[in-house]
Amino acid sequence: MKAVRYILFFFVFFPWEFYAQQAYFVDGYHGGIYGHYPIEWQTQFMVDLLNEHPEWRICLEIEPETWDTVKVRTPKAYHNFKESLRGGRIEFTNPTYAQPYCYNISGESIIRQFEYGMQKIKQHFPEVTFQTYAVEEPCFTSCLPSILKQFGFRYAVLKCPDTCWGGYVTGYGNDLVNWIAPDGSSILTVPRYACELLEENSTWQTTAWNNSASYIEACRDAGIKAPVGMCYQDAGWKGGPWLGSGDKIKNNSVYVTWREYIEKYTAGTSDDDWHLSQDDLHVSLMWGSQILQQIARDVREGENRLVMAEKLAAMAFCENGYTDTITRIDDAWRTLLLAQHHDAWIVPYNRLDKTHTWAEKVKEWTGNTLACSDAIIDKAMKAMVEFSGNVGEKRIRIYNTTGICRKEIVRVFVPDMSETNEIALYDVKNHWIDSHAEEKGQGVYITFEAEVPAFGYATYSIREGGRKIKRRSSVRRTDENSWIVENDVFKVVFDASKGGAVTQLIAKKEGNKDFVSSTGRQLLGELKGYFYEEGCFHSSVENPAEISVVRDNFFEVVLKIEGKIATHPFTQLVRFRRGRKSIDFNLQIDWIKNVGIGEYQQASDAWQKSRRAFYDDRFKLNILFPVSLSSPVIYKDAPFDVCESRWENTHYNSWDSIKHNVVLHWVDLYDRESDYGFAVYNDHTTSYAWGNDYPFALTAQYSGNGLWGVGYPLKGCTKMTYALVPHQGCWDEAALSSMDVCRNEALQIDVSENVSMQNRSFIQIEKEGYQLSAVKMVDGSLMLRVFNAEGTDGPHVITLAFPIKKILETDLNGAEQHEVEWESIWLGNDKKQEKAGGKFILSMPRFGFKTFKIEIGD
């Protein structure tokens with residue numbers, strides 16, 4: 001009896017030990033109405049198979065919009081599926097709106113992917129809960145634990161064994177691990193085990209894809225008591241249970257959902273903390289291909305414009321209760337989220353429907369997002385205009401959607417004015433503002449340094465009676481080829497004989513250091529790539545360039561460099577602005593024909609081989625940045641993260657050796673010994689090359705065959721913008737993330753007659769390092785999300801300059817966590833004071849974010 005009682009006790013409290021010799025498998029389906037989902041039969045097919053095979057379980061990664069169509073076109077199957085959900089044999093594991101890769105988009109976009117996707121699924125299946133995040137493709141990024149936990153997820157899975165075309169995660173651990181996010185958040189996770197190898201003779205699988213005997217044996221040799229494999233089949237496959245059914249299930253595996261596996265067949269806890277880095281994401285796409293560049297640029301522009309539109313609408317709401325934009329904001333987010341679909345990025349040439357490829361739909365989707373955003377911005381700015389009585393006076397209103405005060409050079413077009421008017425500019429205190437005017441067409445461009453308060457606006461009036469101040473030019477030539485640009489921040493020398501490359505870059509405010517390397521054969525700003533049809537490298541320094549001055553005034557200098565790479569002309573506009581620590585480049589390459597650029601000409605039928613021509617970025621057309629830093633390390637930003645890379649170089653040329661070399665917004669080379677750094681910003685997600693034997697380089701172009709043998713040709717011109725920021729101190733001391741948010745959220749400008757002369761700041765963050773990730777209207781209240789991008793974990797004061805009733809901290813589902821204490825702000829004098837808003841103190845770890853619901857009213 002004692003033995004029986006002992007066994008019963010052990011079974012109740014340690015049930016997983018009874019399954020120590022059992023292998024488990026998670027089956028399911030992946031796809032959707034945009035990816036792949038045969039509407040007419042797939043839903044009922046799943047229901048029928050579940051009824052036929054009671055031992056079977058499925059996890060689903062289906063695009064949420066799919067259920068809209070299923071409900072309309074196959075209502076009976078839709079009803080039957082809803083009934084099947086009650087049996088606990090189906091788990092939704094990726095409710096994002098469009099199954100993005102995550103690492104290639106902004107942190108705020110990832111939040112909205114979950115927010116809108118979960119809302120859509122809940123519309124159809126209100127009783128569904130979301131417990132586990134698991135995917136069929138490498139849709140991961142380091143900050144996911146933070147986001148998942150705030151949405152109520154309890155578990156995550158880092159396997160993608162049967163669809164690793166775009167990469168895989170580092171093999172780590174021998175059982176459950178605690179995946180630790182950059183902010184310290186933790187989620188219990190099933191990793192890709194250290195013993196889960198890449199499958200031999202495959203370029204898209206790990207050994208966990210079919211629970212082979214060798215995989216199970218390797219797991220047990222590693223001490224894994226309950227090994228698990230997985231495969232999410234493409235919706236549309238008709239094979240049914242992946243490992244067989246009944247008494248013919250492969251290796252006696254047991255089908256489970258992820259939640260069932262973790263809660264029933266494992267210890268359900270772990271003492272192994274894994275701080276997953278971006279470098280643990282071995283991911284690669286067709287970086288440098290024209291079609292992916294355009295997709296990435298359009299998505300980035302959509303992200304930036306939509307976040308600004310949402311904030312400006314919220315600003316107008318704070319000012320006067322304006323709410324006429326909510327529907328359009330939702331529509332804009334929907335199309336942006338669809339443009340972030342992983343299939344758009346990995347198979348852009350595939351047909352999405354009978355008339356469009358993925359790339360063509362992305363252009364359509366992002367076009368809608370931009371049109372909606374521009375309309376929202378225009379209406380919100382007009383809603384904040386209050387007119388004064390000064391008839392005939394034109395005024396400039398400048399809006400700032402960030403949480404910090406900004407001083408920046410702006411260039412404003414004012415219609416129906418002439419330079420001969422002797423224009424003068426004044427601020428709200430009637431102070432004269434130095435400016436430069438130049439006539440253009442039916443108006444005048446006015447350039448000046450604007451100072452705009454945090455999350456608010458500044459107003460300037462345009463009057464007659466300007467002052468004429470003579471200033472020397474900022475551009476000079478020392479000989480036929482050397483062009484020197486010198487302002488208060490930089491002294492830069494361009495050599496026309498070497499294709500317009502930079503031969504000197506002195507940062508005056510960074511100890512007058514010259515950042516151009518004097519060693520090596522490459523030059524800063526040089527374009528270089530391997531043209532495999534010719535069997536040689538070509539460089540922009542092979543041909544002399546024409547350099548001309550586009551603008552040269554006290555505030556701004558713009559040079560135009562016209563050169564050639566091989567026989568193909570390129571143009572670069574180089575922009576310097578007074579007080580600005582970046583040099584901005586706008587590059588356009590006008591390809592006269594399609595040419596091959598890359599390591600070699602990959603055969604169209606070689607896509608299943610591990611060795612691939614599009615992996616080694618050293619052979620792509622690169623923009624080179626050899627800088628005078630002796631032994632730099634690499635920092636690179638990621639969604640809600642900045643990663644210090646551990647790679648000694650980025651070189652790889654086969655699927656089984658992929659290294660993370662992805663640029664989201666910026667990459668920084670930092671030399672600890674000298675305490676100098678050199679950051680490169682880009683306008684789209686792409687890749688970079690770097691190593692002891694190769695200077696830092698930004699990928700500009702690849703042309704050749706790619707995944708599945710598809711050709712990625714050159715068509716027309718290539719466009720991209722980038723910026724260089726030499727600096728002192730590490731990335732956080734140099735405020736690179738703050739600089740990035742200002743680049744992404746450009747000051748918005750409106751010119752009106754008789755607008756009231758006032759400045760306003762609605763939200764202000766006291767210290768640097770915190771950012772306003774999002775500000776939007778929600779059910780008559782204001783939603784505010786703050787992200788600690790590069791600040792300390794100490795207290796920060798957030799000031800709200802509008803009437804407040806209550807401040808609540810919420811999770812990402814909008815559920816109240818607790819009420820926040822706040823203090824009223826009063827403005828006025830001893831005789832009369834008015835309540836102007838409130839302020840509260842916020843603390844959180846670096847890379848953390850918090851969301852607040854602010855009820856507005858007296």
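Author: Strand E7 (residues 177–180) and strand E8 run antiparallel and are joined by four bridges. Strands (E, at least two residues) and helices (H or I, at least four residues) are DSSP runs numbered from the N terminus, and two strands pair if DSSP finds at least two bridges between them. The model is predicted, with local features requiring pLDDT of at least 70 and side-chain atom pairs pLDDT 80 or more, while totals for chains, interfaces and linings use all residues. Residues are numbered from 1 along each chain as its sequence is written, and side-chain values use heavy atoms, leaving out hydrogens and water.

Within this pairing, Trp179 has Ile187 of E8 as its bridge partner. Five residues lie between the strands of the E7 and E8 hairpin, and Gly184 there takes a positive phi near 95°. E8 also pairs with strand E5 (residues 155–157), in the parallel sense and over three bridges. Here Ala156 has Thr189 of E8 as its bridge partner. Strand E8 covers residues 186–190, and four of its five residues are buried (under 20% relative accessible area; over 50% is exposed and in between is partly exposed, with a 1.4 Å probe and protein chains only).

Next come the aromatic rings. The whole structure holds 55 aromatic pairs. The ring centres of Trp67 and Phe125 are 5.3 Å apart and the planes stand at 80°, so this pair is edge-to-face. Trp67 is in helix H3 (residues 66–73) and Phe125 in the loop between helix H5 (107–124) and strand E4 (132–133), so that the pair links parts of the chain 58 residues apart. Rings of Phe, Tyr and Trp (its six-membered ring) pair if their centres lie within 6.5 Å, with planes under 30 degrees apart counted as stacked, over 60 as edge-to-face and the rest as tilted. Trp67 is buried at a relative accessible area of 0%, and Phe125 is buried at 2%.

Phe114 and Phe153 also form an edge-to-face pair, because their ring centres are 5.8 Å apart and their planes are at 80°. Phe153 belongs to the loop between helix H6 (144–150) and E5, and Phe114 to H5, so this pair ties together parts 39 residues apart in sequence. Phe114 is buried at 0% relative accessibility, and Phe153 is buried at 1%.

A pocket is found on a 1 Å grid over the protein atoms alone, as an open set of points where a 1.4 Å probe fits, with protein on both sides within 12 Å along at least five of seven lines; lining residues have an atom within 4 Å of a point. The space in the largest pocket is about 1000 Å³, a volume filled by probe spheres set on the points, which are joined across faces, edges and corners. Its lining has 31 residues, and Arg575, Thr721, Arg743, Asn744 and Ala746 lie nearest the centre. Elements that give two or more residues to this lining include helix H9 (290–320), strand E41 (717–728) and helix H13 (736–744). H9 gives the most, with seven residues. In H13, seven of the nine residues are buried, so the helix is largely enclosed by the rest of the structure. Asn744 is one of the buried residues of H13.
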